[in-house]
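Hi everyone, thanks for making time for this.

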Amino acid sequence: MLLAFVLSSCACKHNYGDWEETKAPTCKDYGKGERICVKCGESEIKWLTPITSHTFDEWKTSKKPTCVSVGVERRTCSVCEKTDERGLPIDINAHSFGEWKITAAPTYESAGERVRECELCKTSQIDVIEKLH
């Protein structure tokens, strides 16, 4: 949509130059264009429709994915502060393991074993403890 108007009290048959953008439109505000009569210097103004695209910053992780839940990334328009959001897939390797627990103490004859469990999905991780020397 283009709105143009002239504020004129001049009797000149205007000969306008090219349109110049004097204020760029954004996702929030109208822009402004202006051209000037080469004979008398009078200006004509047009308002430029706001653009529909945004000026987003980089994606930032606001919630990391885990082994059982999706994550979230967000970005924000630096002009109008609109927020855009997208999901991150579950990361099957992003466990939240608890402390190691010894399930079999090592001896001089055999190796021991320790286990820890993911607090989210209950996956166990087993580690061998070398036998005593």
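This is a predicted model: local features need pLDDT of at least 70, side-chain atom pairs count only at pLDDT 80 or more; totals for chains, interfaces and linings use all residues.

Three strands make up an open sheet in the order β5-β6-β7, and their pairing is antiparallel. At the edges we find β5 (60-63) and β7 (83-88); each has a single partner strand, so one side of each has no neighbour in the sheet. From one strand to the next, the twist averages 35 degrees. If you look at β6, residues 71-76, six bridges join this strand to β7.

Which residue forms a salt bridge with arginine 86? The partner is glutamate 73, with the closest N and O atoms 2.7 Å apart. Since arginine 86 belongs to β7 and glutamate 73 to β6, the pair ties together parts that are 13 residues apart in sequence. Are these two buried or exposed? Glutamate 73 is buried, because its relative accessible area of 12% falls under 20%. Arginine 86, at 39%, is partly exposed. The charged end of arginine 86 also sits over the ring of tryptophan 59, 3.9 Å from its centre.

Another pair on these strands is arginine 74 and glutamate 85. They are bridge partners, with glutamate 85 in β7, and their side chains form a salt bridge, with 2.7 Å between the closest N and O atoms. Here the linked parts are 11 residues apart in sequence. Both count as partly exposed: arginine 74 at 37% relative accessibility and glutamate 85 at 47%.

Aspartate 127 is in strand β10 (residues 124-129) and arginine 114 in β9, 13 residues apart. Arginine 114 also lies over the face of tryptophan 100, 4.0 Å from the ring centre. Its relative accessibility is 26%, which counts as partly exposed, and aspartate 127 is partly exposed too, at 27%. For the model, the salt bridge count comes to six, while the count of aromatic pairs is zero.

Last stop: tyrosine 108, in the loop between β8 (101-104) and β9 (112-117). This tyrosine counts as exposed, at 55% relative accessibility. What does tyrosine 108 touch, leaving out residues up to four places away in sequence? The contacts are Lys131, Leu132 and His133. And to aspartate 91, 17 residues apart along the chain, the C-alpha separation is 40 Å.

Key:
Residues are numbered from 1 along each chain as its sequence is written. Side-chain values use heavy atoms; hydrogens and water are left out. Helices (H or I, at least four residues) and strands (E, at least two) are DSSP runs, numbered from the N terminus. Buried means under 20% relative accessible area, exposed over 50%, partly exposed in between (1.4 Å probe, protein chains only). Contact means heavy atoms within 4.5 Å. Rings of Phe, Tyr and Trp (its six-membered ring) pair if their centres lie within 6.5 Å; planes under 30 degrees apart count as stacked, over 60 as edge-to-face and the rest as tilted. A charge sits over a ring if NZ of Lys or CZ of Arg is within 6 Å of the ring centre and within 35 degrees of the ring normal. Two strands pair if DSSP finds at least two bridges between them. Axes are lines fitted to C-alpha atoms, for helices over the stretch in contact, and angles run from 0 to 180 degrees between N-to-C directions. A salt bridge is a side-chain nitrogen of Lys or Arg within 4 Å of a carboxyl oxygen of Asp or Glu.
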